[in-house]
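Please keep the sequence and the model in view while reading.

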Amino acid sequence: MKFFFLYALLLAALVICAVFSLFVLKSKAYYFVIIKLYPIVEFTTIALFLSQNVQNLIIRKAIKLIIIPFWVFVILNFLLSNPGKVSNNPPLVESLIFMVIIIYIFYEKMKMVTLYPLSQSITFWICVGFFLYFTGTFFFFIFLNYTTDRHFNSLLNTIYSFVTISKNIILSLALFANEPVEQTEEHLHIPTDINLDDFTFSNQPKS
Amino acid sequence: MFFLQVSANSDVSKLMFIGSVGMITLAIGIIVFVIMHQRKVIRYHIQMKQMEAEKQQIFLNASIRFQEEERQRISADLHDDAGPLLATARLYLNENLVNQDKAQQLQSILSAKQILDDAILLIRNISHSLMPPTLKNFGLESATTDLFQKISGSGRINASARFHDYRERLKVEQELLVFRVIQELVNNIIKHSNSAFIHLTQNATTNNIYIRLHHDGKGIVQSEFDKLNHTSHGLGLKNIASRIKVLNGRILFEIDSSQTYYKVTLEIPKISIL
């Protein structure tokens with residue numbers, strides 16, 4: 001839930017900044033800076049969210065660690081790429097990484113969630129939304145700077161819009177999922193303030 | 001990207017469109033597969049639970065059969081041992097006794113008395129095996145201390161028990177179940193662990209009573225207990241588990257961090273559901 005609001009907030013901030021730079025500042029340079037650096041924020045947020053849903057501690061750590069090289073990659077790409085163009089490399093890499101992570105999460109969930117259907121889980125539907133988004137926009141990002149042909153770009157935008165709207169609808173619907181609480185087996189928690197070890201190994205009970 | 005640049009724009013549009021649609025279809029396929037497969041897993045788990053319930057039913061039947069056998073054994077003890085003893089005593093005390101001389105009468109009465117004493121002892125033993133009198137009259141603390149003194153008295157193993165806070169007694173039914181669990185655990189330790197000492201400690205919180213057994217022999221840890229509890233072996237452990245369940249309590253088998261002795265801890269709620 002927290003993640004959902006954070007993600008929505010980030011998207012809103014992106015839109016506001018983009019609109020502000022384009023229509024108020026009337027500066028395409030600021031717009032490109034925002035668009036090019038946005039993957040850092042997006043990647044960090046989604047990666048942290050996904051890492052919380054991974055049970056395997058090593059993979060969880062790996063997902064968190066991958067954030068730093070991705071930042072370096074985005075910044076390098078920002079510095080080296082054409083300043084007047086949106087670079088497609090960071091979103092492509094981001095899509096690939098998230099597709100793999102989400103498939104792994106699905107695999108884990110398939111194995112571990114055995115008490116209720118996954119369709120009742122909020123996190124599952126958030127993952128589904130992102131999975132559709134990243135798979136659907138993969139080809140969009142490949143062909144992003146391919147041509148300036150109007151028809152082609154219109155098709156690109158249609159696909160992108162369709163996938164983005166689908167993702168946002170799924171993310172919104174995820175909020176209505178009725179996630180059951182997984183009942184874990186109760187374990188014995190012995191209070192630490194009571195004496196149950198009143199003997200020494202020499203077999204003499206302590207006084 | 002090079003191969004794309006040599007094609008016409010319409011071909012690339014097609015490629016891009018088909019690629020995107022293909023990716024989305026693949027993603028939907030994966031999602032559907034995950035949902036369907038997970039449902040299968042849930043069905044499998046439900047089946048497993050049903051099997052587990054059936055297994056529990058089998059154990060329950062076995063337990064009832066065991067109880068019936070125990071009753072038959074007690075009935076046999078009473079019929080085969082107490083019955084003949086009392087019948088013999090009756091023979092000594094028949095109507096002809098009045099016609100006998102005094103010496104013979106005295107002899108018959110003494111013999112009958114001896115036989116009746118034996119019968120009383122026999123019945124007492126049977127009764128004690130069903131419900132230890134110390135437990136009934138003086139409670140869990142006395143019964144356990146008594147049990148540990150007897151074990152220690154055998155000289156084979158050093159056994160001691162210490163109750164720190166047992167001011168509020170449990171209900172008699174609870175005490176009996178706890179005592180049976182302790183008996184079973186101690187029996188297992190004596191039979192299988194080859195330990196030199198057993199020590200029992202009791203303590204309590206506001207809601208629960210805790211009993212911990214320490215021993216320095218070969219023990220088991222929780223995972224082994226859970227495993228044995230799900231196999232056809234280890235009827236004693238299953239009895240422990242079912243008694244703990246009836247008590248709404250919990251049990252934990254562990255090895256001490258020093259790896260020198262094993263601990264078994266029982267948690268029994270003071271509020272009875274029996």
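A residue counts as buried when its relative accessible area is under 20%, as exposed when that area is over 50%, and as partly exposed in between. By that rule B:Glu69, with a relative accessible area of 45%, is partly exposed. The model is a predicted one.

**Helix packing in chain A**

- Two packed helices are described by the angle between their axes and the distance between the axes.
- Helix α2 of chain A covers residues 28–52 and helix α4 of chain A covers residues 89–112; their axes come within 11 Å and cross at roughly 5 degrees. An angle under 35 degrees counts as roughly parallel, and α2(A) is therefore roughly parallel to α4(A).
- On the α2(A) side, the residues that meet α4(A) are A:Pro39, A:Glu42, A:Phe43, A:Ile46, A:Ala47 and A:Leu50. Their partners in α4(A) are A:Pro90, A:Glu94, A:Ile97, A:Phe98, A:Ile101, A:Ile102 and A:Ile105.
- Sorted by class, this contact of α2(A) with α4(A) comprises 11 nonpolar residues, two charged residues and no polar ones.
- The axes of α3(A) and α4(A) come within 10 Å, with a crossing angle of roughly 170 degrees. Because an angle over 145 degrees counts as roughly antiparallel, α3(A) is roughly antiparallel to α4(A).
- From α3(A), the residues A:Ile59, A:Ile63, A:Ile66, A:Phe70, A:Phe73, A:Val74 and A:Asn77 take part in the contact with α4(A). They meet A:Asn89, A:Pro90, A:Val93, A:Glu94, A:Ile97, A:Ile101 and A:Tyr104 of α4(A).
- The contact of α3(A) with α4(A) has 11 nonpolar, two polar and one charged residues.

**Nonpolar cores**

- The largest nonpolar core holds 60 residues, and those with the most contacts inside it are A:Leu50, A:Phe106, A:Phe130 and A:Phe143.
- Two or more residues of this core come from each of α1 (2–24), α2, α3 (57–80), α4, α5 (122–136), α6 (138–142) and α7 (150–174) of chain A, and also from α2 (9–92) of chain B.
- Helix α5(A) gives the most to this core, with 10 residues.
- Another core lies apart from it and has 36 residues, including B:Leu140, B:Ala241, B:Leu247 and B:Phe253.
- Leaving aside neighbours within four places in sequence, A:Leu50 is in contact with A:Phe98, A:Ile101, A:Ile102, A:Ile105 and A:Cys127.

**One face of a helix in chain B**

- Helix α7 of chain B spans residues 222–229, and its buried residues are B:Gln222, B:Phe225 and B:Asn229.
- Viewed down the axis of α7(B), these buried residues fall within an arc of 60 degrees, so they line one face of the helix.
- An α-helix has 3.6 residues a turn, so residues three or four places apart point the same way.

**Positive phi in two loops of chain B**

- Most residues other than glycine have a negative phi.
- B:Asn194, a residue other than glycine, has a positive phi near 60 degrees. Its place is in the loop between α6 (172–193) and β2 (197–204) of chain B, and with a relative accessible area of 73% B:Asn194 is exposed.
- B:Gln259 is not a glycine either, and has a positive phi of about 60 degrees. B:Gln259 lies in the loop between β4 (250–255) and β5 (262–269) of chain B and is exposed, at a relative accessible area of 58%.

- B:Glu69 is placed in helix α2 of chain B.
- B:Asp80 and B:Phe138 are 58 residues apart in sequence and 32 Å apart in space, taken C-alpha to C-alpha.
- B:Arg162 belongs to strand β1 (residues 158–163) of chain B and is partly exposed, at 31% relative accessibility. From C-alpha to C-alpha, B:Arg162 and B:Ile211 are 9.7 Å apart in space, while 49 residues apart in sequence.

Notes. Residues are numbered from 1 along each chain as its sequence is written. Chains are lettered from A and ligands numbered from 1 in the order in which they are written. This is a predicted model: local features need pLDDT of at least 70, side-chain atom pairs count only at pLDDT 80 or more; totals for chains, interfaces and linings use all residues. Side-chain values use heavy atoms; hydrogens and water are left out. Axes are lines fitted to C-alpha atoms, for helices over the stretch in contact, and angles run from 0 to 180 degrees between N-to-C directions. Helices (H or I, at least four residues) and strands (E, at least two) are DSSP runs, numbered from the N terminus. Angles under 35 degrees count as roughly parallel, over 145 as roughly antiparallel, 65 to 115 as roughly perpendicular and the rest as oblique. Contact means heavy atoms within 4.5 Å. Ala, Val, Leu, Ile, Met, Phe, Trp, Tyr, Cys and Pro count as nonpolar, Asp, Glu, Lys and Arg as charged, and the others, Gly among them, as polar. A nonpolar core is a set of buried Ala, Val, Leu, Ile, Met, Phe, Trp, Tyr and Cys residues joined through side-chain atoms within 4.5 Å. Buried means under 20% relative accessible area, exposed over 50%, partly exposed in between (1.4 Å probe, protein chains only). The arc is that of the directions from the helix axis to the C-beta atoms.
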